[in-house]
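Student: I would like to learn how to read salt bridges in a model. Please take me through a case.

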Amino acid sequence: MTAKLSRGGRGVRRRKVGSAPGSGKKRARGQIVQLHGWECGTRRSCLFVIDCLIGKMVADGGEVPGRTGVPAGTVLYKVLWEGFPPEIATWEEEDEIPCGEVDFVAEYEARLQAEAEEDAASKAEDESDDVTGDEA
């Protein structure tokens, strides 16, 4: 699924444009998009390609960086855009992240699960060392 991003007076407006399976891309048209000194859109269009997801949060009804009017309970992922540094990453709602050839959400969730299992195994190993009384 692709979406057009355009800069209006208040933040970034998003509207669904159709589907492009596996694209992981968003296109800005017409105007210049600027964020933290980075600029895109000096040409007619600029293609935003998802590199990977680097964070997850559930909105609590308060402020979400770079977003307005996000209802409580909305799941958002922090998107790292290809060719842009991490400080330009944006929070995007789960249903706005396209899935196709690469399911970015499933990939990120699998990575979180693997890290949690690793942490649990490491903690269990540390606890067993404490119980057996291994001394140097």
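Student: How many salt bridges does the rule give here?

Tutor: A salt bridge is a side-chain nitrogen of Lys or Arg within 4 Å of a carboxyl oxygen of Asp or Glu. By this rule there are four salt bridges. The model is predicted, so local features need pLDDT of at least 70 and side-chain atom pairs count only at pLDDT 80 or more, while totals for chains, interfaces and linings use all residues. Residues are numbered from 1 along each chain as its sequence is written, and side-chain values use heavy atoms, with hydrogens and water left out.

Student: Which residue pairs with Lys 56 in a salt bridge?

Tutor: As a general idea, side chains of opposite charge can pair when their charged atoms come close. Here the side chain of Lys 56 meets that of Glu 109, at 2.8 Å from N to O. This pair links distant parts of the chain, since Glu 109 is in helix 1 and Lys 56 in strand 6 (residues 45-58), 53 residues apart. Helices (H or I, at least four residues) and strands (E, at least two) are DSSP runs, numbered from the N terminus.

Student: Are Glu 109 and Lys 56 buried, exposed or in between?

Tutor: Buried means under 20% relative accessible area, exposed over 50%, and partly exposed in between (1.4 Å probe, protein chains only). Glu 109 has a relative accessible area of 27%, so Glu 109 is partly exposed. Lys 56, at 38%, is also partly exposed. Leu 112 lies in helix 1 too, and its 31% relative accessibility makes Leu 112 partly exposed. The C-alpha atoms of Leu 112 and Lys 56 are separated by 9.9 Å, and the two residues are 56 apart along the chain.

Student: Which side chain does Glu 93 meet in a salt bridge?

Tutor: Glu 93 meets Arg 67, at 3.2 Å from N to O. Glu 93 is in strand 8 (residues 90-93) and Arg 67 in the loop between strand 6 and strand 7 (75-81), so this pair links distant parts of the chain, 26 residues apart. Both Glu 93 and Arg 67 are buried.

Student: Where does Glu 96 lie, given its salt bridge with Arg 67?

Tutor: The side chains of Glu 96 and Arg 67 meet at 3.9 Å, N to O. Glu 96 lies in the loop between strand 8 and helix 1, and Arg 67 in the loop between strand 6 and strand 7, so the pair ties together parts 29 residues apart in sequence. Glu 96 is buried, with a relative accessible area of 18%, and Arg 67 is buried at 13%. Salt bridges with shared partners join Arg 67, Glu 92, Glu 93 and Glu 96 into one network.

Student: What share of contacts joins residues at least 24 apart?

Tutor: A contact means heavy atoms within 4.5 Å. Among contacts in the chain between residues at least 6 apart in sequence, the share is 44%.
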